[in-house]
Amino acid sequence: VCVCECVVCVCACVRYVHAFSSTEYLFELRSACYKYFQMGGMAVSGPVGLLSVVTPRPHILVGHFYAVAIFGTYLIMKSKFPWQLHKGIFRALMVVWKACTVMFPLIGSELKNVFQF
């Protein structure tokens with residue numbers, strides 16, 4: 001199993017999880033992903049390069065994934081009024097937590113396949 005296959009597999013799995021989000025926090029992550037793509041430029045060319053195996057670099061994959069999660073926290077905090085800040089912080093932390101629960105198992109399983117543990 002090469003790095004290219006791992007990057008594409010993780011991209012596909014993450015995209016699948018986003019498409020069929022079952023919790024409100026994954027829904028927030030999915031909507032942040034769409035708004036991230038709407039920014040254009042590297043926000044689109046990076047993920048497209050990963051899926052098309054033009055730039056199959058795992059650090060770029062992780063970078064874009066967490067850029068979407070952080071962008072989602074920004075969108076959550078921007079939508080809250082000052083007196084709702086505590087709810088916004090909790091929701092933002094839960095989105096980042098959910099992003100970690102999506103990405104870490106995928107990375108672990110792909111590393112297991114690469115190194116044949």
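In this tour a residue is called buried when its relative accessible area is under 20%, exposed when that value is over 50%, and partly exposed in between, with a 1.4 Å probe and only protein chains counted. The model is predicted, so local features need pLDDT of at least 70 and side-chain atom pairs count only at pLDDT 80 or more, while totals for chains, interfaces and linings use all residues. Residues are numbered from 1 along each chain as its sequence is written, and side-chain values use heavy atoms, with hydrogens and water left out.

**Stop one: the nonpolar patch**

Select V44, which lies in helix α3; helices here are DSSP runs of H or I with at least four residues, numbered from the N terminus. V44 has a relative accessible area of 31% and is therefore partly exposed. At least two residues of the patch come from each of α2 (24-38) and α3 (42-51).

**Stop two: the pockets**

Pockets are found on a 1 Å grid over the protein atoms alone, as open sets of points with protein on both sides within 12 Å along at least five of seven lines, and a lining residue has an atom within 4 Å of a point. Grid points are joined across faces, edges and corners, and a volume is the space filled by probe spheres set on the points.

The largest pocket has a volume of about 250 Å³. To centre the view on the largest pocket, select C11, V14, C33, F37 and P47, the closest to its centre of the 14 residues that line it. Helices α1 (3-19), α2, α3 and α4 (58-79) each give at least two residues to this lining, which by class has 11 nonpolar, 2 polar and 1 charged residues. For this count, Ala, Val, Leu, Ile, Met, Phe, Trp, Tyr, Cys and Pro are nonpolar, Asp, Glu, Lys and Arg are charged, and the others, Gly among them, are polar.

Of its 12 lining residues, C6, P58, I107, E110 and L111 are the closest to the centre. Two or more lining residues come from each of α1, α4 and α5 (85-115), and α5 gives the most, with 5 residues. The lining of the second largest pocket divides into 11 nonpolar, no polar and 1 charged.

**Stop three: the salt bridges**

A salt bridge here is a side-chain nitrogen of Lys or Arg within 4 Å of a carboxyl oxygen of Asp or Glu, and the structure holds 2 of them. In the pair of E24 and R91, the closest N and O atoms are 2.8 Å apart; E24 lies in helix α2 and R91 in helix α5, so this pair ties together parts that are 67 residues apart in sequence. E24 is partly exposed, at 43% relative accessibility. R91 also forms a salt bridge with E28, where the closest N and O atoms are 2.9 Å apart. Shared partners join E24, E28 and R91 into one network.

Terms used:
1 Å grid on protein atoms, 1.4 Å probe; cavity = no way out; pocket = protein on both sides within 12 Å on 5 of 7 lines; lining within 4 Å.
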